[in-house]
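Welcome! Please have a look at it first, and then read on.

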Amino acid sequence: MTKKTKSGDFCSFCGRPSEEIGMLISGMDAMICDECVDYAQSYLDEIQVKEQKDSIPEKFPTPKEIKNELDKYVFGQNDVKVAVSVAVYNHYKRLHSNLKNKDENVEIEKSNILFVGATGTGKTLIARTLARVLHVPFTIADATVLTEAGYVGEDVENIIVRLLQSADYDPKLTETGIIYIDEIDKIARKNSNPSITRDVSGEGVQQSLLKILEGTKAQVPPKGGRKHPEQPLVEIDTTNILFICGGAFDGIEDIIRHRIGEKSIGFGSDKVNIKGMNYDEILSKIAYEDLFKFGLIPEIIGRLPVVKSMHHLDKNALEHILTEPKNSIVKQYQKLFEYEGCKLEFTKDAISEIANLAIVRKTGARSLKSIIEDTMNEIMFELPDHPDTKKVTIDKDIVLGNKKIKFVKPKKKRK
């Protein structure tokens with residue numbers, strides 16, 4: 001307890017007698033003076049700042065360097081990649097600035113990001129590539145399984161648990177990570193009017209998600225699951241965690257079309273020829289009011305200041321994705337064939353047909369891998385038993401299943 005000093009008392013840390021100090025805090029068998037307490041607090045603050053600095057890379061890439069890395073893995077979507085590169089660069093620049101100058105008059109807020117676009121356009125890939133470029137913890141959460149605390153499903157705070165696990169249970173490193181929340185459109189409330197009934201997988205989840213988006217000190221169980229009194233909890237400050245959200249927002253194009261079409265009504269208004277606009281052009285004009293009408297609450301929209309629409313992938317884009325990126329599925333299979341001592345080639349008509357099949361499935365680049373795997377599974381099953389086969393060529397007929405690969409039969413050993 002704290003008490004006034006008396007003759008004979010002294011500080012157990014600095015050793016000074018009571019005559020030289022004003023206040024002592026007594027413990028079981030020791031005392032500490034008020035000055036040593038202040039010194040200890042300042043020392044702990046320095047350690048905390050150092051730990052935060054150590055968790056943030058001293059040198060982080062410029063926006064151009066970030067985009068160049070994204071270009072290696074993500075084809076097209078240039079406007080999106082530029083915007084994301086700038087937002088991420090400013091985010092980590094802000095972290096460094098806040099650590100060095102805590103008393104600045106201007107407080108820079110983080111720029112969480114929202115991707116709007118059809119499935120398979122590269123939303124998740126961009127987020128995953130960012131984490132790889134920046135060497136920070138990263139996790140993906142599916143918004144469809146989230147519910148309010150106390151209901152059957154997954155608590156919103158479990159997202160933080162996943163990031164903590166990704167950071168090897170280092171809380172300070174966790175606080176500089178990136179979280180990608182997929183299918184955020186699935187937690188839109190059922191209509192744009194607030195409901196008096198419980199919506200545990202819609203507006204209620206948005207309210208819970210809002211807390212960690214804007215920054216809170218969450219007490220999370222390190223192993224996940226529900227909290228209980230006997231379980232130790234870890235405190236994670238979400239203020240500096242960058243959130244990237246993505247969703248297809250099916251039907252939002254009709255909301256946008258209705259809004260911008262209204263501009264042509266009335267004298268002197270700017271006419272917008274919406275009839276001649278395609279899906280991508282409509283989506284590029286997305287505004288906050290469209291997200292609100294779709295079912296996102298205003299507070300969530302306000303915490304996602306960077307909103308970017310993803311373009312549909314046409315046949316040319318899908319063909320490039322198949323062959324050009326560093327992680328293209330064709331290059332991956334060619335590497336697997338190299339391990340078997342065999343060269344793998346895809347003809348132009350095979351690549352074209354795979355892209356056509358992906359367009360028919362309407363799932364963008366996501367379907368490319370499954371189409372090629374359907375083609376390659378049987379070939380990969382047989383290849384190890386034909387070591388004399390040195391080259392395999394995949395053409396259109398093989399993709400369509402009209403013919404099969406003829407393997408070179410192993411040569412019989414002479415007796």
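Helices here are DSSP runs of H or I with at least four residues, numbered from the N terminus. Thr 124, for instance, is found in helix α4, which covers residues 123-134. Please keep in mind that this is a predicted model.

**The chain as a whole**
- The protein chain holds 16 helices and twelve strands.
- It has 415 residues, and 43% of them count as buried.
- Among contacts with a separation of 6 or more, 66% are between residues 24 or more positions apart.

**A residue to look up: Thr 124**
- Is Thr 124 buried or exposed? Its relative accessibility is 16%, and because buried means under 20%, Thr 124 counts as buried.
- Leaving aside residues up to four places away in sequence, Thr 124 touches Ile 140, Tyr 180, Asp 182 and Arg 366.

**Helix α13 and its buried face**
- Helix α13 spans residues 329-339, and its residues Ile 329, Val 330, Tyr 333 and Phe 337 are buried.
- Seen down the axis of α13, these buried residues fall within an arc of 100°, so they line one face of the helix.
- As background, an α-helix has 3.6 residues a turn, so residues three or four places apart point the same way.
- The cover over the buried residues of α13 includes α12 (315-323), β11 (343-346), α14, α15 and β12 (391-394).
- After α13 comes Gly 341, which has a positive phi near 75°.

**How α13 packs against α15**
- The axes of α13 and α15 come within 11 Å and cross at roughly 15°, so the two helices are roughly parallel to each other.
- Their crossing is right-handed.
- From α13, Ile 329, Val 330, Tyr 333, Leu 336 and Phe 337 meet Lys 369, Ile 372, Glu 373, Met 376, Ile 379 and Met 380 of α15.
- By class, this contact of α13 with α15 has nine nonpolar, no polar and two charged residues.

**How α14 packs against α15**
- Helix α14 (residues 348-361) and helix α15 (residues 366-382) have axes that come within 9 Å and cross at roughly 125°.
- α14 and α15 are therefore oblique to each other, and their crossing is right-handed.
- Which residues meet here? Ile 354, Leu 357, Ala 358 and Arg 361 in α14 meet Ser 367, Leu 368, Ser 370, Ile 371, Ile 372 and Asp 374 in α15.
- The residues of this contact of α14 with α15 divide into six nonpolar, two polar and two charged.

Methods
Residues numbered from 1 in each chain as written. Predicted model: local features only at pLDDT ≥ 70, side-chain atom pairs only at ≥ 80, totals over all residues. Heavy atoms only, no water. Axes fitted to C-alpha atoms, helices over the stretch in contact; angles between N-to-C directions. Parallel < 35°, antiparallel > 145°, perpendicular 65-115°, else oblique. Left-handed = near helix turned anticlockwise from the far one by under 90°. Contact = heavy atoms within 4.5 Å. Nonpolar A, V, L, I, M, F, W, Y, C, P; charged D, E, K, R; others polar. Buried < 20%, exposed > 50% of the residue type's maximum accessible area, 1.4 Å probe, protein only. Arc of directions from axis to C-beta.
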